[in-house]
Amino acid sequence: MIKNYFKIAWRNLVKNKINSFINIAGLSVGMAVAILIGLWIYDELSFDQYHQNYNRIALVEQNLKNNGEIDTWAATPYPLANELRKNYGSSFKAVVMAAGMGKHMLSLGDKKLNKMGVYFEPQAPEMFSLKMLKGTRDGLKDPYSVLISASNAKAYFGDADPINKVLKIDNKLDVKVTGVYEDLPRNSTFGEITFIAPWQLYFNNTEWVRTAADPWRPNAFQIFVQLIDNTSFADVSAKIKDAKLRNLNPELAKKKPALFLQPMSKWHLYSDFKNGVNVGGRIQYVWLFGVIGLFVLLLACINFMNLSTARSEKRAKEVGIRKAIGSLRSQLIYQFFTESLLFVILSLALSILLVQVSLPFFNSVSDKSMSVLWGNPLFWVMVIGFSLFTGLIAGSYPALYLSSFEPIKVLKGSFKVGRFAAVPRKVLVVIQFTVSITLIIGTIIVFRQIQFAKDRPIGYSRDGLVALPVINDDVHKHFDVVKTELLKSEAVISIAEAGASPTEYNSSSSGFDWRGKDPNMSVDFPTEGVSYDYEKTIGWKFKQGRGFSRSFLTDSSGLVINQTAAHFMGMNDNAVGETIKWNGEKLKVIGVIKDMIVKSPYEEVRPFIFYLSKEAESIVLLKINPKMSATEALGKIENIFKIYNPSQPFEYHFVDDDYALKFGNEQRIGKLAACFAGLAIFISCLGLFGMATFLAEQRIKEIGVRKVLGASVFSLWRLMSADFVVLVIIAILIATPVSYYFMNSWLQGYQYHAAMVWWIFFATATGAMVITLLTVSYQSIRAALLNPVKSLKTE
């Protein structure tokens, strides 16, 4: 019987080629989208699960009162680690300090490469369950040791054994390789880390840490903990809440820091905090794309339902004869479900092919390195399960509807589908276009928000601005000579040193006081040390005063602040000349600049303080001569830097590119949404085309009669298209308020966001109408142009 079901299903599939093509194309695209989104969601949800202790690891974070709000920091002072071990050790299996996570120069002889690394305490390899290929997890117990990834071992030593070989970190620290570990996956917080050095090495060789007057002041380190069994993160968070507060001086205690544990399971998906409360993070995109995948698959199922039920009259006699010769309704239901299953099987095979072909593009857009999980049983269980579910959903309505026909009416020829039989199909078409239009509106708003933030004034000039990281003080020692050589080469028009690129900051301070400040207020302002000519190099825009100048010796005790800082301190238009105390030292404001966008372009600007630094800084900023090509200028710059900084590979990055990275997450989301919205429209139009084809066939004689009676092609086109246009108008009326509600809620998550404007909805509605008319017009005009003699010759 089952064989017979499939045989009949195959005959129907071959017989109705256009109908079958539309169903298989729609279902395969819908299923491919669902599989791709499923792989993306799996990658997101499995983030950090490579680590065996995933469910017991946490990062110690803190909520503090700053500038009248509550900030959440993932950085803490290093003495806190010993405090946790000493007074709360019964709750922890391990407590691990971390520092210096970022790019470092790792060298072997003349081979010098910039690699991502971190300094960890010795228990880290065991805590994070590194898979050692050579050596053991105890390799960090020697303070002059290093563990390297397999890719690093290959890059530096080829096929030779790297154990006990000596590498140099940042051109100053000799370390011995004591272990090689398997490369960590990209969907790990530590996925980019390629070497691990001991925390003690960092501590011994970092003077500002080792000699800090108050080691509880700098929040510059991370503390990872692993809980013992039978304890919860919430309970331990409650225990350690005041562990830092009890060790602070009265000034720092004003911040009232409250410690808590952020579980590893939440690092990636629940990383956003607002006023001390976790408000989600990337989990919103997991839900978003999960819903999109479900809806796109639903659109494909709707096509199958509509086209199957639309041809009910053609299959009515088949149902009548089957029932007349003894077929049970259940058998007919099985028959129609078998047809649905056959379509799904063929669509699944095609969808997997589509996934395999499109995965490289999808990875590039989503910034992932996913692959089809051929060897994962869960993948096949999920794929087969959702395929059966798709077959059930797509085949349920046709099976129940077609099997309900009464044989007597059908065989007597008195069976008619009725004037309301098309209502369910029309409802489904409305649902299709409501979803598609909503996705398109959402995509437009996402891209508009990105462009809105890009157009935000940033307070400086990025054009031709290049940042060169430096890891030693060689350039600083010869800075005047380097500057002279660069200006003489005409490759640059200005050069300066800074603590960070203009797109970020690396330090902040709470030790500020000024006239009129509330003595109970706790503040935290980003700070940055810069050299002379910094304002010229990046193009500061001054509201008051001036920048740092060699002509004024007093500028060594001067400050440049931004507008937000002036406003926050109540100085407004009279800031120049005001005194600000910084950790007790009196400094004068010499200038007020327009607000610079340093961190997120979607958030409010924080009060910012710039001071004149006499120390070596970590960034050299260069303004390339606009009259010279960037390639030629960079070549000349490299030659000069090789002379005065020969120990470091020449590395640079354009500040413009750094700033563009701030839009990466939203741009990826926008591109993915655009792809899925386009596919949703494609699937909807496939269904619309199939429905138009069916209606043209069904009304062929009516059209012939109308033509004989004098109807024009235009009037017939309007007649055939009117029903579909009405359905799309209804979809527009539903999609507009729905998309407005959800997208307005999404925009409210940004402090700096675009407004909802009417033209987005109008343009989308117009586009939907045009696409609808183009889709149905082919069949409408084709039917209207048909010779009525041919359509009426059987009457």
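This is a working chat about the predicted model shown above.

Reader: Quick overview first. How many helices and strands does the protein have?
Author: This is a predicted model. The protein has 27 helices and 25 strands.

Reader: What box do the C-alpha atoms fill?
Author: Roughly 105 × 60 × 55 Å, taken along the principal axes.

Reader: And what share of the residues is buried?
Author: Buried residues make up 51% of the 795 in the protein.

Reader: What about contacts? How much comes from residues 24 or more positions apart?
Author: Those pairs account for 79% of the contacts with a separation of 6 or more.

Reader: Which residues form the nonpolar patch on the surface?
Author: V726, I730, I734, V738, Y741 and F742. Together they have about 550 Å² of accessible area.

Reader: Where does F742 lie?
Author: In helix α25, which covers residues 713-747.

Reader: Is F742 buried or exposed?
Author: Exposed. Its relative accessibility is 53%, and the cut-off for exposed is over 50%.

Reader: Staying with α25, where is A722?
Author: A722 is in helix α25 as well. A722 counts as partly exposed, because its relative accessibility is 34%.

Reader: How far is A722 from L773?
Author: Their C-alpha atoms are separated by 9.3 Å. Along the chain, A722 and L773 are 51 residues apart.

Reader: Let's switch to charges. How many positive and negative ones are there?
Author: The protein has 86 positive and 66 negative charges. The mean positions of the two sets are 13 Å apart.

Reader: Which residues form the negative surface patch?
Author: E69, D272, E603 and E604.

Reader: Take D272. Which strand is that in?
Author: Strand β12, residues 272-274. D272 has a relative accessible area of 37%, so it counts as partly exposed.

Reader: Salt bridges now. How many turn up in the whole structure?
Author: A search finds 21.

Reader: Give me some examples. What does D159 pair with?
Author: D159 forms a salt bridge with K154. The closest N and O atoms are 2.7 Å apart. D159 is exposed, because its relative accessible area is 74%.

Reader: And K168, what is its partner?
Author: D174, with the closest N and O atoms 2.8 Å apart.

Reader: Why do K168 and D174 count as partly exposed?
Author: Because K168 has 25% relative accessibility, and D174 has a relative accessible area of 41%.

Reader: What links E632 and K636?
Author: Their side chains meet in a salt bridge, 3.8 Å from N to O.

Reader: Where do E632 and K636 lie?
Author: Both lie in helix α21, residues 630-644. They are four residues apart, about one turn of the helix. E632 counts as partly exposed at 42% relative accessibility. K636 also counts as partly exposed, at 29%.

Reader: Which residues are linked in a network of salt bridges?
Author: D43, E44, R282 and K368.

Reader: Over to buried spots. Where is T76?
Author: T76 lies in the loop between β2 (69-73) and α3 (79-88).

Reader: Why does T76 count as buried?
Author: Because its relative accessibility is 0%. Buried means under 20%.

Reader: What does T76 touch?
Author: Leaving aside residues up to four places away in sequence, T76 touches V60, Q62, P218, N219, A220, F221 and I223.

Reader: One more. Is L359 buried or exposed?
Author: Buried, because its relative accessibility is 5%. L359 is placed in helix α13, residues 329-366.

Reader: Which residues does L359 touch?
Author: L36, L39, M370, S371 and V372, again not counting residues up to four places away in sequence.

Reader: How far apart are L359 and M370?
Author: Their C-alpha atoms are separated by 7.6 Å. Along the chain, L359 and M370 are eleven residues apart.

Key
Residues are numbered from 1 along each chain as its sequence is written. This is a predicted model: local features need pLDDT of at least 70, side-chain atom pairs count only at pLDDT 80 or more; totals for chains, interfaces and linings use all residues. Side-chain values use heavy atoms; hydrogens and water are left out. Helices (H or I, at least four residues) and strands (E, at least two) are DSSP runs, numbered from the N terminus. Buried means under 20% relative accessible area, exposed over 50%, partly exposed in between (1.4 Å probe, protein chains only). Contact means heavy atoms within 4.5 Å. Lys and Arg count as positive and Asp and Glu as negative; His and the chain ends are not counted. The place of a charge is taken as NZ of Lys, CZ of Arg, CG of Asp or CD of Glu. Patches are made of residues with over 30% relative accessible area and no salt bridge: like charges are joined within 9 Å, nonpolar side chains (Val, Leu, Ile, Met, Phe, Trp, Tyr) within 5 Å. Accessible areas come from the Shrake-Rupley method with a 1.4 Å probe; for residues, only the protein chains shown count as cover. A salt bridge is a side-chain nitrogen of Lys or Arg within 4 Å of a carboxyl oxygen of Asp or Glu.
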